[in-house]
Amino acid sequence: MKINLEPSPRESISASDRRRLRLALALLLWLASICAPSVAQEPSGATSAAQHRQEGVRYLQNREAQKALEHFRAAAQIEPQDAESHFFIGAILCDSGQSEAAIPELQKAIELNRKLHLGHYYLAMAFDRTGRTAEAIVEYQEALRLKPEFQDARYALSAACWKLGDLDGAAHHGRLVAAFDDEGIAVLDLHALQLDVGADDEL
């Protein structure tokens with residue numbers, strides 16, 4: 001499925017969403033810093049999927065999301081079963097306000113690697129921002145099942161429960177968020193997060 005890379009009207013983003021997305025972007029940039037592979041040029045001179053991923057990571061670190069997106073798309077076309085490429089495509093689209101386009105990419109990443117907690121988190125954000133809050137809650141819960149200490153996912157889950165009128169659920173998850181910054185966003189220990197993009201193991 002081809003992703004439309006042309007600029008599209010941005011979704012209306014609330015103040016809390018903007019704060020969450022700033023944190024998500026910081027997380028995405030951190031992931032890029034640890035996922036850059038060391039690869040050699042193929043003898044044929046053709047650009048490999050790994051090389052496209054490396055270039056995507058480089059552009060992402062330089063905050064050139066559009067160029068990064070092009071390289072991750074190229075990597076996914078060469079290796080359609082690569083969860084990492086699909087995840088980064090979806091995450092970049094989600095962060096750039098193209099949540100509808102992000103959803104199938106994130107779903108594909110999760111299909112390829114069911115333990116990808118960040119895939120569930122970004123998919124939940126994409127669902128939440130497109131009015132599919134009930135589905136977002138399921139994905140936030142799965143992200144937390146895979147990574148119980150993922151405080152930002154728990155904060156987002158509390159907010160999603162509030163949106164649907166589940167005040168008990170909102171209060172419950174709100175109480176479980178142990179560390180907040182001054183803006184009410186959970187403080188993430190980025191170095192404690194890991195992106196599992198290898199072969200999917202049976203749960």
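Tutor: Good plan. This is a predicted model. Start with Q81: its relative accessibility is 55%, so Q81 counts as exposed.

Student: Why does 55% count as exposed for Q81?
Tutor: The cut-off for exposed is over 50%. Q81 has 55% relative accessibility, so it counts as exposed.

Student: Where is the place of Q81?
Tutor: Q81 sits in the loop between α3 and α4.

Student: Let's zoom out. How many helices and strands does the protein chain have?
Tutor: Nine helices and zero strands. From the N terminus on, the order reads α-α-α-α-α-α-α-α-α.

Student: And how much of the protein chain counts as buried?
Tutor: 49% of its 203 residues. The chain exposes about 10000 Å². Carbon and sulfur atoms supply 51% of that area.

Student: What about contacts between residues at least 6 apart in sequence? What share join residues at least 24 apart?
Tutor: 61% of those contacts in the protein chain.

Student: New topic: rings. How many aromatic pairs are there?
Tutor: The structure holds six. One of them is F72 with F88, and that pair is stacked. The centres are 4.8 Å apart, with 10° between the planes.

Student: Which parts does the F72 and F88 pair tie together?
Tutor: F72 lies in helix α3, residues 65–78. F88 lies in helix α4, residues 83–95. So the pair ties together parts that are 16 residues apart in sequence.

Student: Are F72 and F88 buried or exposed?
Tutor: F72 is buried, and F88 is buried as well.

Student: Now Y121 and Y122. Why is that pair edge-to-face?
Tutor: Planes over 60 degrees apart count as edge-to-face. The planes of Y121 and Y122 are at 80°, so this pair is edge-to-face. Their ring centres are 6.0 Å apart. Y121 is buried, and so is Y122.

Student: Which residues do ring pairs link into a cluster?
Tutor: F72, F87, F88, Y121, Y122, Y140 and F150.

Student: One last thing. Which residue lies over the face of Y59?
Tutor: R58 does, at 4.6 Å from the ring centre.

Conventions:
Residues are numbered from 1 along each chain as its sequence is written. This is a predicted model: local features need pLDDT of at least 70, side-chain atom pairs count only at pLDDT 80 or more; totals for chains, interfaces and linings use all residues. Side-chain values use heavy atoms; hydrogens and water are left out. Rings of Phe, Tyr and Trp (its six-membered ring) pair if their centres lie within 6.5 Å; planes under 30 degrees apart count as stacked, over 60 as edge-to-face and the rest as tilted. Helices (H or I, at least four residues) and strands (E, at least two) are DSSP runs, numbered from the N terminus. Buried means under 20% relative accessible area, exposed over 50%, partly exposed in between (1.4 Å probe, protein chains only). A charge sits over a ring if NZ of Lys or CZ of Arg is within 6 Å of the ring centre and within 35 degrees of the ring normal. Contact means heavy atoms within 4.5 Å. Accessible areas come from the Shrake-Rupley method with a 1.4 Å probe; for residues, only the protein chains shown count as cover.
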